[in-house]
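Reader: Can you walk me through this model? I'd like to start with the charged contacts and then move on to the nonpolar parts.

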Amino acid sequence: MIDPTHYRRKREKKMSGDLESISEATSGAIGALVSTTILYPLDTCKAKYQAEVQAHGLRKYRNISDVLVEAVSSGKILSLYQGLGTKNLQSFIAQFVYFYGYSYFKRLYLEKSGSKSIGTTANLLIAAAAGACTAITTQPLDTASSRMQTSAFGKSKGLWKTLTEGSWSEAFDGLGISLLLTSNPAIQYTVFDQLKQRLLKGTQKTTGKDTSPIVLSAFSAFVLGALSKSIATVLTYPAIRCKVMIQAADDDEDKKAEPKSSKTISNVICSIWKKEGILGFFKGLHAQILKTVLSSALLLMIKEKISATTWVLILSLRRILLVRPRRLKSA
């Protein structure tokens with residue numbers, strides 16, 4: 001005979017896990033939205049600087065500040081925000097999918113394995129799986145936002161026109177590198193999660209079991225986020241620059257002189273090697289670290305603080321969902 005109490009507890013546990021995954025996804029997506037908006041001008045300058053390849057010893061931008069000077073001198077300072085709507089949409093969806101997938105796969109692994117914690121290898125695999133789902137889901141938006149950012153100031157097109165001006169396959173330009181770069185957030189969140197667990201281990205022992213999760217302080221989350229993202233960025237930067245060049249918008253002169261088919265991974269690598277040498281693969285690394293570290297640190301800091309609030313809302317929602325059916329049944 002089936003024990004109704006056991007069945008009810010099992011259902012409540014599953015509902016709690018699902019709501020926790022949604023909470024992680026929502027807080028991560030909101031954090032991405034805020035951090036992307038704050039740092040978008042820096043991101044635009046970085047993208048335009050990375051997309052340029054030195055030819056015959058000549059280049060338009062000698063450093064990232066030249067991009068800002070161009071925008072100010074041409075009276076198109078607002079063009080630093082071109083593509084912001086698309087980027088925010090892409091960031092929101094990407095972070096929601098990533099954090100939901102990461103939380104879901106992590107909980108599934110713990111349930112199936114019966115372990116109380118996740119090792120480094122398992123964490124990397126879970127993060128990579130969540131990253132792959134994210135890359136495939138948001139690749140067209142990622143490509144469109146990159147083209148809009150790297151367009152000449154004042155000449156950026158809308159989202160729909162950007163996506164439809166080429167073939168459907170072109171909307172997935174850089175998908176291969178995007179899948180390769182799933183190692184970036186995988187490394188980042190694995191380092192962050194492991195450092196976070198060690199930092200909170202002593203606190204968890206003293207407080208014992210509680211209905212609400214223990215969260216990091218804003219400063220601790222910022223520092224751990226910056227450190228974890230720096231490590232991931234340095235290790236994966238050559239692939240990051242290749243991806244920017246593949247997805248970058250072509251100038252009118254480039255379209256006439258260079259066919260679209262030349263923008264493959266192998267040709268981009270050869271182009272960087274011939275024109276800029278080995279150091280060309282790390283061009284803009286300082287700007288990338290500055291932007292991504294600040295962005296990820298802000299994202300994780302906001303996510304940690306929102307998670308504490310949303311957890312309370314989740315417990316309230318859980319009580320409502322569980323108590324209401326009982327009242328209806330008793331009535």
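**Salt bridges and nonpolar groups**

Author: Lysine 291 and aspartate 43 form a salt bridge through their side chains, at 3.8 Å from N to O. The term means a side-chain nitrogen of Lys or Arg within 4 Å of a carboxyl oxygen of Asp or Glu. This is a predicted model, where local features need pLDDT of at least 70 and side-chain atom pairs count only at pLDDT 80 or more, while totals for chains, interfaces and linings use all residues. Residues are numbered from 1 along each chain as its sequence is written, and side-chain values use heavy atoms, with hydrogens and water left out.

Reader: Which helices hold lysine 291 and aspartate 43?

Author: Lysine 291 sits in helix H12 and aspartate 43 in helix H2 (residues 40–51), so the pair links distant parts of the chain, 248 residues apart. Helices here are DSSP runs (H or I, at least four residues), numbered from the N terminus, with strands (E) needing at least two.

Reader: Is aspartate 43 buried or exposed?

Author: Aspartate 43 counts as buried, because its relative accessibility is 4%. Lysine 291 is buried as well, at a relative accessible area of 14%. The cut-offs are under 20% for buried, over 50% for exposed and partly exposed in between, with a 1.4 Å probe and protein chains only.

Reader: How many salt bridges does the count come to?

Author: The count is ten salt bridges. One of them joins the side chains of glutamate 52 and lysine 283, at 3.9 Å from N to O. That pair also links distant parts of the chain, 231 residues apart: glutamate 52 is in the loop between H2 and H3, and lysine 283 is in the loop between helix H11 (265–276) and H12. Both glutamate 52 and lysine 283 are buried.

Reader: What about lysine 106, which residue does it meet in a salt bridge?

Author: Lysine 106 meets aspartate 193, at 3.4 Å from N to O. Lysine 106 is partly exposed at 21% relative accessible area, whereas aspartate 193 is buried at 10%.

Reader: Which residues do shared partners join into one network?

Author: Asp43, Lys46, Lys87 and Lys291, through salt bridges that share partners.

Reader: Switching topic: which residues of the largest nonpolar core touch the most other members?

Author: Of its 19 residues, those are Tyr98, Phe99, Tyr102, Tyr189, Leu216, Leu299 and Leu300. A nonpolar core is a set of buried Ala, Val, Leu, Ile, Met, Phe, Trp, Tyr and Cys residues joined through side-chain atoms within 4.5 Å.

Reader: Where does this core lie, in terms of domains?

Author: Between domain 2 (82–172) and domain 3 (174–205 + 215–249 + 263–283), because both give residues to it. Those bounds come from an automatic or database domain assignment.

Reader: And what does leucine 300 touch?

Author: Leaving out residues up to four places away in sequence, leucine 300 touches Phe99, Gln188, Tyr189, Phe192, Ala221 and Gly225. Contact means heavy atoms within 4.5 Å.

Reader: One last thing, where is glycine 75?

Author: Glycine 75 is in the loop between helix H3 (65–73) and H4. It counts as exposed, because its relative accessibility is 61%. Its C-alpha atom is separated by 9.7 Å from that of phenylalanine 153, 78 residues apart along the chain.
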